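Take a look at the structure shown here. A short briefing on its parts and contacts comes after it.

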Amino acid sequence: MSEKTATLENWATQRINFAQISPYLNNMRDFICETEIEGLLRSQTDVPASCVHDIIQKALAIETLSLKEAAILLNVRDKDLLSRMREAALAIKTKVYDNRIVTFAPFYTGNLCVNNCLYCGFRSGNPAINRKLLTVDEIKNEIEIIAGSIGHKRIIAVYGEHPESGIDYIISTMSAIYNTKIRTKNNSSASIRRVNVNAAPMQVEELRALKKAGIGTYQVFQETYHHKTYESIHPRGTVKSNYRWRLYSMHRAIEAGIDDVGIGALFGLYDWKFEIMGLLAHARELEKTFGIGPHTVSFPRLEPALNTPFAKASKYLLNDETFKKVITVLRLCIPYAGMILTARENASMRRDCFSLGITQTDASSKIGIGSYSQAGCGQKGNKQQFLLADTRSLDEVVLELAQDGFITSFCTAGYRCERTGKCIMKLLRSGQEGKFCKLNAVLTFREWLDDFASPRTKEIAENIINREISQIKSMMPDIFPAFMNYYERITQGERDLYF
Ligand code: SAM
Ligand code: SF4
């Protein structure tokens, strides 16, 4: 074994702190009970339609469903009931999040990784990948494009698991991102206002440091909730092979004060129905333990990746129709949660899915390392994790959303006004958060249209803005004058005014 490999292995063995898992176990068991989930999926078939209608009503009242109720929905095959579920999914999204779609950019900081996940292009055993970790200067260059040319205000910074991209690196990159201030072509100020982080599970002390550094949402995807499958695709001896270290990463985050957490499963690794039950069990467990559920749920589909045969060969890959059912049922199961659909999906699929209750999406995305500032490297480079299906610009996506009646929101106010955790859960369930979001969506959309939109997108989007302003006037007469004051100031060049 080389000295370098020995050092890496030594580092990896010290990552997991068992004392930070055991307090959450129940009689040494975790909260994913396969026998229970499989039993429910087997038994809850062919229930009366009235029972399905009752479950839909519960979801429409923004109540988290039980595992049994989820199993019933997952087994619905009747066309009318399925169509009712789809309608309810959109109704729930509109009730909680109105007609807004929040947008963000994925930002891959590097591709060094000690793990060897069979499905991932970045796995340590993949010799076809060029390894690269961005320096602070390179990060600034990327942000200049993301915030200064495209106009994003929030990003999800993505990290491999490696000593060189550990907590100190993550914090230095977050600070570089927040501190990069740019002048746009019409001389307004632009910057990233919210950094969400997708990184490996961390220790409580590291999570406290992340909180201090101003993290938005902390995301960790369980990949698969099925213990045996998890074991088979995360080779023994790697840090990631410890299922429970990952399963309880959100518990540790909340314990450390990060009350804005995102869960997810990678669909295509195991049975999709099981994964939905797993995600719901996770949300319920967080609600039970902390009174806080996940702020977002992600459900990426497994995509082809360079020199990664597993990604194409998995027997659990989902077709488009099934994937739409995943979104519909998840929307009903965890009705208050934000739901993220990424550019892994192609344009027409994305358009269909927006009407099933999606709340967040990315655009103008590049997932190669350093691809935003090095034109051309984005989709072809051998530095990226997998391949994107929708490479449209943010301007094109905003235009399409506007044509479909959605307003693109660049709002990042929530966490800056401490509307997170229990506070946001209450506001979301009662439909109150929508009020602030509506105001901030219009203000941030105005900023983006004036700073970055093409003439065509701007023209179409004006109708949306005008419609929103008249709704604000009639729905919130008390706040309307203050809102208009901010709105006018933004049209005159001021930036970052929010409620
Ligand atoms: N390394 C960290 C981890 O694994 O938690 C975070 C970054 S990883 C690059 C982010 C996510 O990408 C993973 O959690 C996984 O769900 C997803 N991913 C990995 N390989 C993929 C593939 N071939 N297609 C789609 N998504 C993939
Ligand atoms: Fe590393 Fe994450 Fe890819 Fe696994 S999924 S190889 S941990 S980057």
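This is a predicted model: local features need pLDDT of at least 70, side-chain atom pairs count only at pLDDT 80 or more; totals for chains, interfaces and linings use all residues.

Residues are numbered from 1 along each chain as its sequence is written, chains are lettered from A and ligands numbered from 1 in the order in which they are written, and side-chain values use heavy atoms, with hydrogens and water left out.

**Domains**

- The chain splits into domain 1 (3–24 + 90–429) and domain 2 (436–491). These bounds come from an automatic or database domain assignment.
- Between the C-alpha centres of domain 1 and domain 2 the distance is 29 Å.

**Where the domains meet**

- In domain 1, 30 residues are in contact with 22 residues of domain 2. Contact means heavy atoms within 4.5 Å.
- The size of an interface is often given as the accessible area lost when the parts come together.
- Here domain 1 and domain 2 bury about 2,100 Å² between them, with 59% of it on carbon and sulfur atoms. Buried area is the accessible area (1.4 Å probe) that two parts lose on being put together, summed over both.
- Two salt bridges are counted between domain 1 and domain 2. A salt bridge is a side-chain nitrogen of Lys or Arg within 4 Å of a carboxyl oxygen of Asp or Glu.
- Lys438 and Asp98 join their side chains in a salt bridge (2.7 Å, N to O).

**Ligand 2**

- Around ligand 2 are Cys113, Asn115, Cys117, Cys120, Phe122, Arg123 and Lys240. Each has a heavy atom within 4 Å of the ligand.
- This shell holds four nonpolar, one polar and two charged residues. Ala, Val, Leu, Ile, Met, Phe, Trp, Tyr, Cys and Pro count as nonpolar, Asp, Glu, Lys and Arg as charged, and the others, Gly among them, as polar.

**Salt bridges overall**

- The count comes to 31 salt bridges.
- Glu206 and Arg15 form a salt bridge through their side chains (2.9 Å, N to O).
- This pair links distant parts of the chain, 191 residues apart: Glu206 is in helix α8 (residues 204–212), and Arg15 is in the loop between α1 (3–13) and α2 (34–43). Helices (H or I, at least four residues) and strands (E, at least two) are DSSP runs, numbered from the N terminus.

**Positive phi angles**

- Most residues other than glycine have a negative phi.
- Asp98 has a positive phi, near 60°. Asp98 sits in the loop between α5 (79–97) and β1 (100–108).
- Asp496 also has a positive phi, of about 65°. Asp496 lies in the segment after α21 (480–491).
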